[in-house]
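Today I wanted to look up a few side chains and write down their surroundings. I began with the terms, so that each entry can be read on its own.

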Amino acid sequence: MHSPYSFEKKVEEMKPSKSDINWVIMDYLVSEGYPGAAEKFAQESNLCQPTDVEGIRERVRVRNAIHSGRIEEAIGMVNEIDPEILDLNPQLHFQLLQLQLIEIIRTVLDKQSAQKTVAARDFLPAITFATEQLSPRAPTDPRYLTALEETMALMVYTPEKMPAEFKKLLDVKLREKVASDINKAILESRGERTEAKIRSLVRARAWAETQAMEAKITVLPSPIRLDAANNHANGDDDSMSS
Amino acid sequence: MVAGPSAESIEAIRNAPSLEHQIATLRQLKNDIVGHDQRKELIVKQGVIQPLVDILTAAHKATGKRRASEDNGVSTSATEGGWSPENEARLQAIQIIGSLANGGRAFVPPLLAAHADSHLLECLTTPVPPRITTATLQALRSLATSASLDGQNDEQISIDLFGSESMQSAFPDIQQIDQSSAAGVQLRLIISIIAVSATTESARSHLTESGRLDDLAALLASYAIANQHFDYRGSTDLFPPPPSEATLPVVLSAIAAIISGSNFRAQSFILSRALRGLFAHAATQFWESRAFPARPGSAAALLPSLHVPQTKSVSFTNSSSAFPALKSLQPERGQYSGAGITLTQQSADIEHANAVCGWLLFMARLMHGTNRMKALRLVALVNNAIDASSELVSPRSESLQRAREREKQISMLAIPLAAQLIQTAVEVPSPDLPTADDREHREIQEHACDVLAELVHPSQELQAAAVHAGAIKRVCSLLKKTFDAVSPSKPMWSAKSNSNDHVTSLDSTTMGTRGLPSEVAHAMRCRQSALNAIAALGGTHDTHRGAIIEAGIVQCIMDSLKPFPADAFAGKGPVSPKDGNTVPVLLAACSAAQSLSRSVSKLRTTLVDAAIAHPLFELTKNHPDRSVQIGATDVICNLLLEFSPMRDELVTQGVVEVLARNIKGSDMDLRLSSLWAIKHLALNNTKECRIRCFEELGSGWLVGAIQGEYDHNPLAASSGGGVSVWQSAGSGLSAPNAAGEQVDLLNPTTSMDVDEGYGGDNGEEDESSHDEEEDGEVMLDESSGTHYHTSGIRSTLQPPADSSSLSADRHLSAMREMEQDPNLRAKRMDVFVQEQSLDFIRNLISGPDHVEAMIDHLLQHIGSEKLFGLLTEKLSPLAEFGNRPLYHATSIIIAVIHVLTHICGSSPRHKSLLIAQVPLLRAWVPHFAHTDRRVRIICIWSMNSLTWVEDDSDREGARERARKLRELGLEQAVRKLENDVDLDVRERQKESVHDDGLWFRPSARSISGRGREAEEVLDGDILAPVLVELGIGPSTANLSNATDGAPLESSQTHLSGLSSAAHPLVGTGLTLPLDCYTDVYIFPLARAREALDQLDA
């Protein structure tokens, strides 16, 4: 029934129009937060301007703040956009606070490695912060408790001897993940799609490829080399500056 | 204590040196409290609310002034460009209030004490920048959500947001809204406020009347057009811009919230202008495309087509050409019959309603998770509303067919989805789900069973479909789970012990009581909804009840009947879901118990073993909440039946006194339930117990109840009702009487037959008899001299056959009248009470034993003159209009004649006493020609008993009685029934009147001869359908076939006058079930009560 010919024919029939492709690109630029590129792209491709440029810029500012470790500022900005985001997502709030604690500890650790001395009282701000901000919520859920304990463990080890499981907390990847979650939450609070359409398209393609391989179908179009399917936030590159 | 905001910062808000400083402080405060409930509590105790509210009021004044100074120019200040520091301060204050409101139930009372709600609403009336409006709506939504959480001790916090003008005016003009802008977000917020807070009857009707329901329907329609659910070719000017994907589920749940609990509102939704427009144009387009059927894909099927067996009688009109919209849902079945068929508006309305239902189902199939659940809930509500209102109009075969198609769709397409949702709920989620999914899963657990219950409860078929889909097992395991010990969430940790250090005792600084711990509240909701599903699944089929009990949940129901002890929340330990139940759970447990108690075998085995009577009696006796008392009484009603082993135990515990107390109380619904229960208790009980029931009620009360409250002024009552009148265009058989009430002579009998008998197995036969009855319309014309004072429930609902919108509007206004008119409601209630009181008397004097003694007792305590006077009054016309008398409601007439039948069946002494009541007998005569066949049948039965020859010594007496009856014209009345349309009536009539015209049985020999005849009759098909219809055919065990959730009415009439040896029915093991109709009469009582409950609110 499904001869290759009819499949090819179907593909031909389904040839997406230029404007559809442009729309997908625009959608990606808007939801991933590239306001400048979006505006330029709109001009070049004769699309109408994204409606809410200021909204995109806001999200970009939040993301930049998180990426560069200015968590308190980011929390303030999120609350400025919509205080309900953090009020109703305790887990998200906790993640941000955890990140903030990590940043506090990181500065101390950096200072340590510079001065080669360990002073217990250097950690005092971190401990105060944990007591005030994180520990009230910790007992309400074992997930919080574990996360808090792991974070506190950062203060025990010197950077060189730190086990990998704790070290990953210091990785900037964590910032990127939280930033992406926040981006989604903000989009959701506005009733917009939380994910660029292209991500689900790429996932659908990857799924279809796996299915085809499982079914031992060899005639496949060349695979896409993008790893956008599994990548969360792929890039704080060029146009992130707003 | 958790550090963070301090008393100083609150002071700084109050007396900030500059606006900038104040804004900075507010912003800091907001960042400090967001996500920190402990800090919120702290600052509330320190008195932060009042200064925040002051900022709002100050801003109102400022705006007011500015507006005054701008000489009525456009208020351009209300744009983003005019963003002032005052606005910023106000925004921060509103956001803080919103954040506080998110803190939970305990924060609501202090906020309300400072009138935060009304000040927020005020913000909506003044022109403010959109950001402030959005923040305000968010704060209001948080407030409404927190207020709706379950509290301890079942206290309710109610905020009436929609009563106020400001909320009304805040609802934007949906035609203008650009869904992607801030206004779109605001619209979503407002709709979600509706979804959360439309919980009271007044809020719901307010939203309907102010047109919000229509707006929501328009949004839904617009979504359908934008997403090409239909090939819509009409003008889209009518419709607002389509809502976004995120808004759609909110719209669905808001509509469901508004229409739940009222047929009128549900019909308003179905018949709203937008939906009519949508389907009318989709239909037109489709109609045209039928002429050129070559275009493929022009009528994409929304739903898979299902094979629905056609009934014989509708084979020539199996599809309506007037309303082809449904065809777009089911294209394959399109055998158009073409021209020549006149279709009434009514069937078009039914088609339209079906199309709406199918379209909603289609949307449910497109969605996932909680959204699907919301859509299914709406499907269920709409489906039930269509059924309920087509029950009211006389069902034509065609609309029956439509209903069957819809039922099939629901059972094949909706129920599996609901069952699947419950399956999802049963599965344990993986522990590291993201929070959003976690929340969604909890929501499904809490509501999936409710949706299933809503879907299946009115229909046996659907219940069977749900069971087939494996619902019982899943629901039961969900129910069991709610009793699992939850690990109670530990309270938040704080470095210092929580000292109660605030000194001021202002209301705005005092926290309210906390809500239930979230785990417990979750368990309660799950339990409630699982119990509701059990009640619905076990509603009619005994096998389902068996399966439910086998799943081992009787103990769970028992545990669910236990309220929280009074000190549950004062104690030190954490509350666990095992400790007790909230009021909604108690109610759900009562209805589940009621469902199971309808099975005689379960009643006598499992339920007795579980000692279910005890907790129920406790609830009836002691629970402070009325609705719980009513729910428990309704179950007890079934436990007090003759065959219940719990009867005596309950009497020993003092059930008589408690019931009597509740009957004499002020609550009408409780009175009705209790009266019903005591009626059951009186049936076939010991003489002592019957007398005890009678004494507890008191003859004075009983007489008063039977007399009723409205009868003395029928004109005022009915003209106050203002029931609209429909003059049937085609038949001319129905005519409005002078009271403005529609007296439709066609439907009472036929609709009963169709409803009851046609679900049976012998469908073929029924069809033919149905046709016969339709032909029999002519006969009914004869009796049009008799008018019955209906209780205004059934008769006014046939929509007129003229232009569609007019008819729809009139249809709606009639529905609304019926639901909402307090006069009608009171009158209906009064009719119910009179009926039940009469039935109580009847049960008191019925049964094989004590008949004479009880009649004597009654005559002695009420007084024979008084008693017969009362009965005469009930049979006499209420009023005369021209030459047409208006009588009491049929249910009352039936009850009265049943009482008389029992007296007729008593000793010759009582018979003579009855014969002596000339005015009574005179008043009786016209009812022999009653339009309701049941009345005619019992009339003949009574005459039969009255002329019965008890023994040889009674021969003369009987002859004398027969002579009297002839004199008074009763014999003539019986003779007239010779050619009755109803076969049963004709057969009874034959038995009564002898060829020689004599009224008494000449000898015992001929009686036995007649007995044979009667047996032949029995062998024929006369009684069999009747018995099946009454639910006491072969399956006597399944008692409640005829009841619709209402307590079982079981007072079988024992025609004791026909001594048992000679009674034609003896030996068949059947007593003639004359009266099981009473509760299916006007319309199912449970539904009546439901409707009345809502009106009560």
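Before anything else I noted how helices are assigned: helices (H or I, at least four residues) and strands (E, at least two) are DSSP runs, numbered from the N terminus. I am working with a predicted model, in which local features need pLDDT of at least 70 and side-chain atom pairs count only at pLDDT 80 or more, while totals for chains, interfaces and linings use all residues. Residues are numbered from 1 along each chain as its sequence is written, chains are lettered from A and ligands numbered from 1 in the order in which they are written, and side-chain values use heavy atoms, with hydrogens and water left out.

**Entry 1, a pair within one helix.** I looked up B:Asp215 and found a salt bridge (a side-chain nitrogen of Lys or Arg within 4 Å of a carboxyl oxygen of Asp or Glu) to B:Arg212, with the closest N and O atoms 3.2 Å apart. B:Asp215 and B:Arg212 are separated by about one helical turn, because they stand three residues apart in helix α12 (residues 212-226) of chain B. Both B:Asp215 and B:Arg212 are buried, where buried means under 20% relative accessible area, exposed over 50%, and partly exposed in between (1.4 Å probe, protein chains only).

**Entry 2, a pair between helices.** I then turned to B:Arg909 and B:Asp856, whose side chains meet in a salt bridge of 3.0 Å, N to O. B:Arg909 lies in helix α45 (residues 908-915) of chain B and B:Asp856 in helix α42 (residues 851-862) of chain B, so the pair ties together parts that are 53 residues apart in sequence. I noted B:Arg909 as partly exposed at 47% relative accessibility, and B:Asp856 as partly exposed at 27%. A further look showed one network, in which salt bridges that share partners join A:Glu80, B:Arg27, B:Lys30 and B:Glu88. Over all chains the count comes to 36 salt bridges.

Where does B:Asn102 lie? I found B:Asn102 in the loop between α5 (85-101) and α6 (108-113) of chain B, and its relative accessible area of 18% makes it buried. Leaving aside neighbours within four places in sequence, B:Asn102 is in contact (heavy atoms within 4.5 Å) with residues including A:Glu84, A:Asp87, A:Leu88 and B:Lys40. The side chains of B:Asn102 and B:Ser142 are joined by a polar contact of 3.1 Å, that is, a pair of N or O atoms within 3.5 Å, of which, within protein, one must be able to donate a hydrogen and the other to accept it, and residues adjacent in sequence count only if both atoms are side-chain atoms.
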